[in-house]
Amino acid sequence: MTNSANCHMLLANGGRHACVFTFRCSLLSNSGNLNLITQALEAVGRKMEVLPDPSTVHFHLPGDLSVLVHRKYEDFINELISKFPHEKEGILKFYGICWKIFNSLNSLELKSLEEPLYLFGQFFQKPLECLTLAYYLPQNAGDIARQFIKDQELLSFIDAECFIVSTVNALQTPMINASMVLCDRHFGGINYPVGGVGGIATSLADGLVEKGSEIRYKANVTNVLLENGKAVGVRLSNGKEFFAKTVISNATRWDTFGKLLKDKELPEEEKNFQKNYVKAPSFLSIHMGVKASVLPAGTDCHHFVLEDDWNNLEKPYGSIFLSIPTVLDPSLAPEGHHILHIFTTAGIEDWEGLSRKEYEEKKEVVANEIIRRLEKKLFPGLQDSIVLKEVGSPKTHRRFLARNDGTYGPMPRGKPKGLLAMPFNTTSIDGLYCVGDSCFPGQGVIAVAFSGIMCAHRVAADVGLEQKSPVLDAGLLGLLRWLRTLA
Ligand SMILES: Cc1cc2nc3c(=O)[nH]c(=O)nc-3n(C[C@H](O)[C@H](O)[C@H](O)COP(=O)(O)OP(=O)(O)OC[C@H]3O[C@@H](n4cnc5c(N)ncnc54)[C@H](O)[C@@H]3O)c2cc1C
């Protein structure tokens, strides 16, 4: 699962520091069918101790617009309406549609959308919900917002809401993705795992091993092995080979087809994907330990800062994400201290071709500028309060996350037709499946957990553990492939 969480632990490892650096987000919602991580943990007999997060994010935006996304939907929506009273109706309509989509998704048993028997079953049980999802599948959040809202500043706020999900504005964010995230944060609330988000991966791994699975760490796959065009196994960097009926790649589709299958010509389907999607930029991350006195009492855990100009939202280093997990779980830092995880978008090209010295100097300069901006906007005295600082560049992300250019995930090249162009889990190579954020429904932890569940179901059907109909399979997979070419 989220390698990012573990990367942040790595940045602080070696027992050098007493702080536990952790992921910025809280992800365990606790009810409905979309609580996929809680369900996955339960499936392997694990449950995590969690702390309720009273808010998801505090936006600090141009024109001193400040909006706190409260845990309770009513509190959030009332706060937003109080800032834009003339748009009350539009706000209720836009977020109302998000709920309609979320409730439809949440009422379905989530399995593979590439498995026709399941799809027909769901359609007969919940026709309205399925039709609702089909209707919104090719639509984007920004278009729907514009049907009800005229105020430019409010539309920009919705861009910021979408940007923190997808790293693109609302016009480029599929409505289904936006709805999943904008509602899940209120549905049952968001809960922060005690000890840090890295605990989710550790718990899942422990549970899997207890159930009889084997996990090989430090196993760097360099090739997917093919036999007569079928994927039959993998080769590791140490030369060892493993063979299996099925190969599932959690590397991005760019890595899977560009690196692990580099000798094979790019299949048409992947050409189509790369035509519609580009790699989103990577990040510059700063992990800091600071004296607790620098934070005003009542500081929220998560912040998003865009100071003066909405046009900077999507620009490299334009907006700043900040999390202070010790606000919720003080055990992560020594008494009297907080940990800050700060990050901002940055492209790998900005960091290539530097000598070691230039690279270290650049990290220092860029990080200090981000800290200066936070000091000015939120926490006077921040620079002087730092007791520990680690900076990671897009190169760090590329190295530790094993992701092409350290990318955050796929980003539509132009204006997408919602989620229509997103590939699912099967690939044009027999026996090879892809999973993760370059598959439907995209990036974000809930989305990739959904992709994992979809993939597991499709593979189970293909290896005979679940029912399947080869004739219907061929029809549905052909139809989906054709639909993707329309996007
Ligand atoms: C700084 C940052 C903050 C984020 N904040 C949030 C947030 O608040 N909320 C949210 O929902 N999402 C957030 N995300 C996004 C979320 O973390 C990702 O969308 C999600 O982790 C993607 O999951 P994945 O399984 O597709 O890929 P990854 O998490 O990258 O996992 C892929 C796995 O495959 C392994 N792998 C890759 N190549 C190979 C190989 N060749 N051999 C062996 N193993 C390999 C990797 O080591 C990794 O373990 C954030 C991401 C970043 C970088």
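Into which domains is the chain divided? In this predicted model, the chain is divided into domain 1, formed by residues 3-25 + 281-405, domain 2, formed by residues 54-189, and domain 3, formed by residues 216-278 + 408-486. The C-alpha centres of domain 1 and domain 2 lie 28 Å apart. To the contact between them, domain 1 contributes 15 residues and domain 2 contributes 17 residues. On the side of domain 1 that touches domain 2, the largest share comes from strand 11 (residues 302-305), which supplies four residues. By class, this side of domain 1 comprises six nonpolar, three polar and six charged residues.

The secondary structure of the chain consists of 17 helices and 16 strands. With a radius of gyration of 22 Å, close to the 23 Å that the globule rule gives for 487 residues, the chain is therefore as compact as a globular protein of that length. The C-alpha trace spans about 65 × 55 × 45 Å along its principal axes. Of the 487 residues, 45% count as buried. Among contacts in the chain with a separation of 6 or more, 72% are accounted for by residues 24 or more positions apart.

In the UniProt record, an unreviewed entry, the annotation "domain: Amine oxidase" covers residues 51-459. This span is 40% helix and 20% strand, and the C-alpha atoms at its ends lie 35 Å apart.

Key. Residues are numbered from 1 along each chain as its sequence is written. This is a predicted model: local features need pLDDT of at least 70, side-chain atom pairs count only at pLDDT 80 or more; totals for chains, interfaces and linings use all residues. UniProt positions are given in the numbering used here, feature names are shortened, and annotations may be inferred rather than shown by experiment. Helices (H or I, at least four residues) and strands (E, at least two) are DSSP runs, numbered from the N terminus. Domain bounds come from an automatic or database domain assignment. Two residues are in contact if their C-beta atoms, placed from the backbone, lie within 7 Å. Ala, Val, Leu, Ile, Met, Phe, Trp, Tyr, Cys and Pro count as nonpolar, Asp, Glu, Lys and Arg as charged, and the others, Gly among them, as polar. The radius of gyration is taken over C-alpha atoms; the globule rule is 2.2 Å times the number of residues to the power 0.38. A residue is buried if 20 or more other C-beta atoms lie within 10 Å of its own, exposed if 12 or fewer, and partly exposed in between; C-beta atoms are placed from the backbone.
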